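The sequence and structure come first.

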Amino acid sequence: MVVEGRGARRLRAGMVGAGMIFDETYAPFFENAAREGLFDRSVGPFDVTLAGIASRTGQRAERYRRSGRFGDFGVWSGPHAVQQMLAEPVDTVLIATPDDRHFAAAKAALEAGKHVLIEKPSVLSLQELDTLLALAAEKRVLAKVVYHKLWDPDHKKLRTLVADGLLRHVNNGYCSLLEPKQISGQQFAEWIQGRNPGTYVAVHYIKLIDFTFGGKLTAVTCTGQRGLVGPADGPTWDSTQLRLVYRYDSGREAAFDIHTSWVTPDNFPGYVEQEVQFRFDNGVWNAHSRKRGVECTIEGRTPGEIKITMNNHYNAEFLEPNGTRCRRGYGIEVIERFFREVAFVEWGGPPQERDERLQQMRALAYNDLAADRQVVAAVHAMEAILARAAAGVPHCVVEVNGAKGGLVLHEPAGKSHVLYEPAV
Ligand SMILES: NC(=O)c1ccc[n+]([C@@H]2O[C@H](COP(=O)([O-])OP(=O)(O)OC[C@H]3O[C@@H](n4cnc5c(N)ncnc54)[C@H](O)[C@@H]3O)[C@@H](O)[C@H]2O)c1
């Protein structure tokens, strides 16, 4: 059957990076899109195709290309891969490189006038964020970031209870995310020097807290441990403990502790173990990845090849009741939403109203870079605190929007460094 109009409208995506997250969420998204296309009432049917992948070595991208899973596409590798890809006809650029390599690719893509989607954390400093926001405004394109945990049904329920006033005023809470050793030892070995698990995964919870509870970030502290991934006095961190303090319009405060690690034993049943607890004036929210429902053991297959604790909501392969097979979940849905937003901007009404549609999509705080300021501020502060600790000055505190500037690092001995002068 030929679907009328199908193929007339097409968004061509350029991918930067083809690692673990590409495999888990982008690849199934492109497979689904190639098979089923997309439909939006304001746009009609439209296609999303993978135009090409720019990555460091191109090896994995080449394997995907040869598999034919989502059609043919270009592969570029080496130091000029992104620029080479941008010379081809692409409409959107998706960035899934290591976190300290997001900015350069995002800047190049925005300069070329492409809509951009960046994996979390968007960027590592407020200066970088300002540069990308200015470019997106100048080029009249979308600049968005992926925080798929906001689409987790459990987190949506939490936010709904808060928004509806059933859970009242959060006072404090903790979040913990423990990654297995193989992440730091094998998967990320190429880029892990000088990095930390806080920027990599605490950022999921920074965003969850920021987006769900609102408020103004006022202070950031962070401690951490070293000695497994790198030397005990080096700049590479095994685990981190981040604390954020927020103030609300009521004048009351809340504090959140976020603990992360990427050196948990590989055979730990939780695999990626996640736990949160938020305490309110009138309630407590507890969530634990191993208590979500499913634990499955298969001799010889779990916990290595198949996980004991399955998150079937994030991204899982299913044999559907109607006999078809697919991979679906909120990790894939969040990517599809970006393409719907781009399609709406480009085709969701008359061309002369494109700017209004662009503003509408920019107003979506869950993924727009403009709404990522406090999250980037927290990451910027954490990076600076860990860098000072690695340089021999532990226990620094970053004050947000204080007397000396937007983001100011205070050392225990009294010296201060302005990390970002304007208000956050
Ligand atoms: N949304 C999530 O929950 C989630 C989960 C995992 C990772 N991530 C994010 O996705 C990003 C990538 O993580 P990953 O797990 O896929 O990492 P990875 O190490 O598995 O893959 C990184 C990819 O980037 C490519 N790359 C590295 N440097 C590059 C450069 N300068 N130019 C072009 N390509 C380059 C590598 O070739 C590789 O294909 C990170 O920002 C990470 O925080 C998000």
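## Nonpolar cores

A nonpolar core is a set of buried Ala, Val, Leu, Ile, Met, Phe, Trp, Tyr and Cys residues joined through C-beta atoms within 7 Å. A residue is buried if 20 or more other C-beta atoms lie within 10 Å of its own, exposed if 12 or fewer, and partly exposed in between, with C-beta atoms placed from the backbone. The model is predicted: local features need pLDDT of at least 70, side-chain atom pairs count only at pLDDT 80 or more, and totals for chains, interfaces and linings use all residues. Residues are numbered from 1 along each chain as its sequence is written.

The largest core has 111 residues, of which Met15, Ala378, Val398 and Leu407 touch the most other members. Both domain 1 (10-148 + 321-371) and domain 2 (153-312) give residues to this core, so it lies between them. Beyond its neighbours within four places in sequence, Met15 is in contact (C-beta atoms, placed from the backbone, within 7 Å) with Phe22, Tyr26, Leu50, Ile53, Leu94 and Ala96. A second, separate core has five residues, including Phe188, Ile192, Val229 and Trp262.

## Domains

The bounds of domain 1 and domain 2 come from an automatic or database domain assignment. Their C-alpha centres are 25 Å apart. Domain 1 puts 10 residues into the contact and domain 2 puts in nine. On the domain 1 side, seven of these are nonpolar, none polar and three charged. Here Ala, Val, Leu, Ile, Met, Phe, Trp, Tyr, Cys and Pro count as nonpolar, Asp, Glu, Lys and Arg as charged, and the others, Gly among them, as polar.

## Helix 4

Helices (H or I, at least four residues) and strands (E, at least two) are DSSP runs, numbered from the N terminus. In helix 4 (residues 102-111), seven of 10 residues are buried: His102, Phe103, Ala105, Ala106, Ala108, Ala109 and Leu110. Their cover includes strand 1 (10-16), helix 3 (81-86), strand 5 (92-95), strand 6 (115-119), helix 5 (126-139) and strand 7 (143-146).

## Helices 8 and 11

The axes of helix 8 (residues 197-213) and helix 11 (residues 373-390) come within 9 Å and cross at roughly 145 degrees. Such axes are lines fitted to C-alpha atoms, for helices over the stretch in contact, with angles from 0 to 180 degrees between N-to-C directions.

Helix 8 contributes Gly198, Thr199, Val203, Ile206, Lys207 and Asp210 to the contact, and helix 11 contributes Gln374, Val375, Ala378, Val379, Met382 and Glu383. By class, six residues are nonpolar, three polar and three charged.

Terms used: Contact = placed C-beta atoms within 7 Å.
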